[in-house]
Amino acid sequence: MSRKEAAETTQRLHKHLRMRSYNRMKLRYLLRAIAVLLACLAMLAASKASPAGKYLVYVGTYTEGSAKGKGIYAYRFDSATGNLTSLGLAAETVSPSFLTVHAKRRLLYAVNEITNYKGPSSGGVSAFAIDPASGKLTFLNEVASRGADPCYITLDQSGKYVLVANYTGGSVAAFPILEDGRLGNASSFVQHTGHGPNPDRQQGPHAHSIDLSADNHFALVDDLGLDELLIYRFDAANGSLTPSDPAYAKLAPGAGPRHVAFSPSGKFAYVVDELDSTVTAFGYDAETGTLQTVQTIKTIPNDFPGHNGDAEIKVSPSGKFLYASNRGHDSIAVFAIDAAKGTLTSIEYVSTEGKTPRNFEIDPTGNLLFAADQESNKIVIFRIDPNTGRLTPTGKVLDVPSPVCVKFVALE
């Protein structure tokens, strides 16, 4: 190799080494830049994340007859401290007996449990926008529920529809949520027919609740008048409800199914039966939407002599415990859940320290239970023991006129 060729080779080697060094340096700078970017994104996400444990609490009430409510009331709730601050009347509306919230879009929907919305034999469904700063609700619109006395409303898993149960009308309907949060005309309507053995309460169909399965494929409807848990296939593409096959699971004659709650595993569904004060446990097949009876258990002591009507049912977020409210016995029945079998074992009955606990709600942390004593015009708050499921009064009571429904909204 000549001297010239050697010099050229040396230059190429130096250039190659410099390039490798440059590339390594460039890679280091790139990695540092990515790290800084990720840190900035994390800080931004943290700044936008829901403040830890901060919620709005909305309470639906009855407003007509002897009821004392004026509409929907709001509270600010800090789950870390347990502090609650009243925000007053969030929206004045007629008998908003049941609520559902669209937290992502800051929307709230309520049924107006009346019989004469813009004509006979229909209630109303109202849409509101949530102001997270003040808790106030801005009215957007109202549509006819398509049946008298709507008593239950829920949001489907896609967030595109609300579904309503009309008690006196004995029907269910689905309504699309429009781009601005208002409600459109019903996308589906189903009228139930038939009756049960109780001539006073089951002279016709009485749809009392409608809930969606976790996969959004099935809607389960408790019809108190028919003693049936009806099963519909739900199509989120067009908001349609069509009877499944089989179309229902049968409850005991005269049971009067009212509300249903799924276990977090999705393997079991539990129905609270208003008329005979029981909870019926079902095994649930998510693929077919079918239900198989597992157990029926009383929600009140066997020696209770008075009249009782069950109302609400909830499974704890841990999936370990189930709660059901008794109106008459005026208590919350507490049960342990067998995770493998889905069966229930009675733990205790706890006084709600008021009359007619129509509804209750477990806060999102799973630590507290808010019991709405309708006829005592108050909500009594209990602490949940995470190990035993037992309830202990916290001493905190919210003064709310004719409370019917409690819902939480995470602040963002």
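1. The protein exposes about 18600 Å². Carbon and sulfur atoms supply 54% of that area. Keep in mind that this is a predicted model.

2. Now look inside. The protein has 412 residues, and 52% of them are buried. Buried here means under 20% relative accessible area.

3. Next, the secondary structure. Count 28 strands and 1 helix in the protein.

4. Contacts reach along the chain. Take those between residues at least 6 apart in sequence. Of these, 48% join residues at least 24 apart.

5. Strand 24 runs antiparallel to strand 25 (residues 368–373), and 5 bridges join the two. Which residue in strand 25 is the bridge partner of Asn359? Find Ala372 in the structure: Ala372 is that partner.

6. Check the confidence. The mean pLDDT of the protein is 90. A pLDDT of 70 or more is reached by 87% of its residues.

7. One stretch needs care. Over residues 25–50, pLDDT stays under 50. The model has 4 contacts beyond four places in sequence for these residues. Where pLDDT is low, predicted coordinates should not be read in detail.

Note on methods:
Residues are numbered from 1 along each chain as its sequence is written. This is a predicted model: local features need pLDDT of at least 70, side-chain atom pairs count only at pLDDT 80 or more; totals for chains, interfaces and linings use all residues. Side-chain values use heavy atoms; hydrogens and water are left out. Two strands pair if DSSP finds at least two bridges between them. Helices (H or I, at least four residues) and strands (E, at least two) are DSSP runs, numbered from the N terminus. Buried means under 20% relative accessible area, exposed over 50%, partly exposed in between (1.4 Å probe, protein chains only). Contact means heavy atoms within 4.5 Å. Accessible areas come from the Shrake-Rupley method with a 1.4 Å probe; for residues, only the protein chains shown count as cover. pLDDT is the predictor's confidence in each residue, from 0 to 100.
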